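Colleague: I would like to go through some of the labels on this model. Please set each value beside its definition.

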Amino acid sequence: MSQFASTARRAGRRFVSSLPALLGVLVFTFLLMRVLPGDPAVFFASGPTAGKEEIETIRKQMGLDKPMPEQLARYMLDVAQGNLGNSLTTGQPVSKDLRERLPASLELTFAALLIALLSAVPLGIAAALKPNSLVDHGVRLLCALGVCVPTFVSGLLLIYVFYYLLGYAPDPTGRIDIFTSQPPRMTGFLLIDFLLAGDLSGWWAAASQLVLPAFTMALFVVAPLARITRAAMLSSLGSDFVRTARSIGLPRWRIVVVYALRNAILPVLTITGIVFSTMLGANVLVEKVFSWPGVASYALDALLASDYAPVQGFVLLMAFIFVIVNLVIDVLYGIADPRISIE
Amino acid sequence: MTEPLLRIEDLAVTFSTRRGPVEAVKGIDLDLPAGRMLGIVGESGSGKSVTAFAVTRLLDAAGRISRGRVLFRGEDISRASSKTLRAIHGAAISMIFQNPRAALNPIRTVGLQLADALRAHRPLSDKAAREKALELLKTVLIREPEKRLDAYPHELSGGMCQRVMIAMAIACEPALLIADEPTTGLDVTTQKTVMDLIARITAERQMAVILITHDLGLAAQYCQDVVVMEQGRIVERAAPEALFRRPQHPYTRRLVAASPTPTSKVEDLVADPEYHVPLPPEPLREKPAAGTPPLLEVVNLVKRYNHGITAVGGVSFSIGAGESVGLVGESGSGKSTISRMICRLIDQTEGEINFEGQSISGIPADGFHRSPYRRQIQIVFQDPHDSLNPRFSAFDAIAHPLKRLDRLSNTALKERVLDCAAKVGLPANLLDRFPHQLSGGQKARVGIARAISVRPRLLVLDEPTAALDVSVQAVTLQLLERLRREDNLSFLFVSHDLNVVRMMCERTIVLQNGCVVEQGESRRLFDAPESEYTRTLLAAVPHFEGAA
């Protein structure tokens with residue numbers, strides 16, 4: 001189909017045009033890490049008493065004695081081969097660390113996004129259907145709360161209520177409680193792996209472990225999603241074609257869902273893409289509060305330890321994910337709006 | 001006497017605004033028997049559209065029926081529940097709207113939208129609905145209907161969108177069709193086919209129609225009865241021939257006088273003595289000495305766009321000093337493109353533009369603002385609102401070209417701005433206002449004042465009155481004519497309104513698909529058109545003189 005082909009072509013073009021940006025990110029992070037204070041060679045020496053020679057040897061090992069351009073060139077060559085260097089803190093290749101931890105972050109983010117969308121879109125629609133009503137004001141208040149309470153506070157609050165007071169939630173540390181055994185690793189997404197292994201009690205354990213952190217993160221992004229849904233719904237409800245739909249006597253739900261919402265979904269899609277990318281990077285606080293073994297907390301630990309490679313790897317990963325997310329949104333846009341595909 | 005299909009009794013509609021309630025319709029009475037076509041004419045703000053939306057109960061949230069009754073088949077629907085209304089909408093009363101493209105759902109295919117309309121009132125299978133939709137498209141005479149079923153509105157022309165809208169409106173065979181400015185924004189020829197279609201279909205199905213329009217000619221040509229509305233009230237009702245031949249109410253008289261007809265002159269447009277300023281006589285123009293180049297000469301002008309579309313394909317004409325030349329054609333004929341190339345807002349692909357014998361086509365469009373010719377050629381844009389910077393007051397808007405091109409400042413600047421404002425009849429106390437605080441006519445004056453502020457020799461008028469009401473248009477046209485006669489200005493007058501061009505221009509150029517079809521003396525061209533296309537265009541213009 002021509003629409004599919006043109007969408008694919010557009011996605012491809014978009015991907016190619018984002019490559020220079022990725023390259024820029026690569027150089028930028030490299031430079032940033034070099035100007036940050038703290039000498040990793042000193043940090044990784046055996047102790048405060050380490051002699052000059054020892055530090056010098058470590059510096060040589062790490063390639064820090066080479067001139068900057070050479071360091072950069074070597075770094076880029078490595079990245080091109082999929083080698084992101086070794087983490088000095090974990091002693092493992094960064095790519096391996098990221099591969100292990102990324103599913104945890106993604107699972108959390110996807111779950112949070114799902115929760116956020118499932119609550120924000122109906123809330124936004126409800127607010128738009130009765131602007132300036134009690135419902136609208138309620139949603140507005142909820143959104144304000146969601147944005148102004150920091151995630152670590154809301155996270156702790158949720159833990160306090162649902163784990164400490166009510167006891168509904170399991171011990172809020174990690175992706176799985178200590179009594180459940182890990183499923184065989186297939187995708188790294190616990191919920192999927194448990195299902196593949198047919199272990200429903202394990203699935204339940206992982207899911208209940210996921211609920212609190214996911215809600216904490218969802219709370220934070222409900223606001224932009226609900227507000228944009230409301231605004232988009234308001235404008236499409238006020239549009240000429242909704243008036244047309246009313247003039248031919250369509251049932252109300254059909255007007256709201258098929259005519260208004262389908263058109264309002266386009267800006268919501270855009271914001272969803274932005275929100276998703278922000279969440280991936282910003283969930284470091286949630287990961288810390290819930291001891292979630294994700295990539296963000298990994299990068300933070302590395303940063304505090306002046307460990308260059310993982311931070312660079314993380315930033316690069318984020319940039320890459322950002323590009324992918326934008327591509328996906330682009331493709332979805334092309335499907336949702338037939339006007340986009342003609343250029 | 002039998003019960004009329006629709007009876008409106010003392011209907012009043014109030015809008016709640018930030019400055020308190022505003023009554024848009026102030027108690028009107030109307031009867032519409034089945035099978036008749038009734039025209040409601042009036043200018044913007046007269047409440048004609050609000051009446052339509054009140055009858056169909058499609059007013060937006062801010063408006064409500066504050067008084068009166070709307071009896072449809074003897075039943076009051078002005079307070080009907082939304083359930084009752086849903087049964088009526090589409091099945092008994094339906095509407096078609098202005099701006100047909102926006103009235104269709106942009107992301108749903110035509111076939112599905114037609115199916116929606118069909119299924120709103122009766123259960124139909126997917127296949128049956130599609131077949132019915134195809135039938136409807138054939139009824140509204142859409143070419144290649146099978147293909148159009150799967151098209152989206154943006155893939156159709158404005159006229160086709162309006163046909164689809166008509167198909168949706170008649171899908172469930174309603175008894176009353178309300179058409180709210182159904183052809184505003186469409187070309188004359190498209191307007192004619194759409195209106196003929198509406199007239200034929202409604203006559204075949206014996207539907208009653210309310211045609212809401214600002215175009216007296218259109219109402220006269222198609223309606224059996226016409227009512228004239230002014231500021232929320234009906235001021236006159238009659239059969240069209242009586243109404244337009246012998247208008248009784250002063251407002252109707254003013255409206256009839258202001259509507260350009262094939263015989264009207266600019267001098268006669270404004271009947272109201274309050275606004276009437278006698279025009280200076282046409283200046284005697286000496287014949288230019290032989291060998292003097294014309295003010296503007298366009299030779300073989302071509303504009304091609306990247307995707308191989310030729311917007312203008314080799315157009316040549318010239319404009320003498322003090323002369324007014326009209327450029328007419330339908331949308332897509334290239335008239336706006338030509339005017340922009342002459343103003344040097346866009347570059348031509350090929351061809352020469354000479355101003356007083358000097359070539360200006362070599363000056364690239366983005367460098368033309370530095371050229372001394374910039375001040376010689378100025379433009380008045382189509383939309384008086386959108387062409388003014390919303391953050392510039394009227395004074396700033398008029399002063400801007402003076403500051404840039406004449407380097408004026410302080411008192412000299414102020415004097416010139418006041419001068420220009422006086423010239424276009426803009427009261428000095430309005431100069432501090434921002435565009436949104438001015439009426440349409442006042443904004444048009446600001447746009448004209450801005451264009452003439454640097455005393456250009458050639459004024460390009462790109463549909464300068466298309467967005468204005470007829471009475472405002474009349475005053476604006478007189479103003480332009482006066483400026484031309486006083487200052488010996490030359491006009492390139494771009495318009496789709498043939499009657500306006502006939503009145504305003506000595507010579508006329510007819511364009512079709514980017515090429516000149518015919519050009520010559522306006523009088524000759526309009527009275528005895530040589531080309532088939534010009535004849536079609538002229539035949540499509542609705543007029544009320546021959547309506548009787």
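Colleague: Which residues does B:Ser361 touch, not counting residues up to four places away in sequence?

Modeller: B:Ser361 touches B:Arg344, B:Gln348, B:Gly351, B:Glu352 and B:Ile353. Contact means heavy atoms within 4.5 Å. This is a predicted model, where local features need pLDDT of at least 70, side-chain atom pairs count only at pLDDT 80 or more, and totals for chains, interfaces and linings use all residues. Residues are numbered from 1 along each chain as its sequence is written, chains are lettered from A and ligands numbered from 1 in the order in which they are written, and side-chain values use heavy atoms, with hydrogens and water left out.

Colleague: Why is B:Ser361 called buried?

Modeller: Its relative accessible area is 9%. Buried means under 20%, exposed over 50% and partly exposed in between, with a 1.4 Å probe and protein chains only. B:Ser361 is therefore buried. The residue is found in the loop between β15 and β16 of chain B; helices (H or I, at least four residues) and strands (E, at least two) are DSSP runs, numbered from the N terminus.

Colleague: What makes B:Phe53 and B:Phe97 a stacked pair?

Modeller: Rings of Phe, Tyr and Trp (its six-membered ring) pair if their centres lie within 6.5 Å; planes under 30 degrees apart count as stacked, over 60 as edge-to-face and the rest as tilted. The structure holds five aromatic pairs over all chains. For B:Phe53 and B:Phe97 the centres are 6.2 Å apart and the planes at 10°, so the pair is stacked. B:Phe53 lies in helix α1 and B:Phe97 in the loop between β6 and α3 of chain B, so the pair ties together parts that are 44 residues apart in sequence. Both B:Phe53 and B:Phe97 are buried.

Colleague: Why is the pair of B:Phe355 and B:Tyr373 called edge-to-face?

Modeller: The centres of these two rings are 5.8 Å apart and the planes stand at 70°, so the pair is edge-to-face. B:Phe355 is in strand β14 and B:Tyr373 in the loop between β15 and β16 of chain B, 18 residues apart. B:Phe355 has 0% relative accessibility, so this residue counts as buried.

Colleague: What makes a set of residues a nonpolar core?

Modeller: The members are buried Ala, Val, Leu, Ile, Met, Phe, Trp, Tyr and Cys residues joined through side-chain atoms within 4.5 Å. The largest nonpolar core has 166 residues, and B:Leu6 and B:Phe72 are among those with the most contacts inside it. Helix α7 of chain B gives the largest share of this core, nine residues. Apart from this core lies another, of 62 residues, including A:Phe30 and A:Leu158.

Colleague: How do you know that a space is a cavity and not a pocket?

Modeller: On a 1 Å grid over the protein atoms alone, a cavity is a set of points where a 1.4 Å probe fits but cannot get out; a pocket is an open set with protein on both sides within 12 Å along at least five of seven lines, and lining residues have an atom within 4 Å of a point. Grid points are joined across faces, edges and corners, and a volume is the space filled by probe spheres set on the points. The structure holds six cavities of 30 Å³ or more. The largest cavity has a volume of about 70 Å³, and helix α15 of chain B gives the largest share of its lining, five residues. The second largest pocket holds about 1100 Å³.
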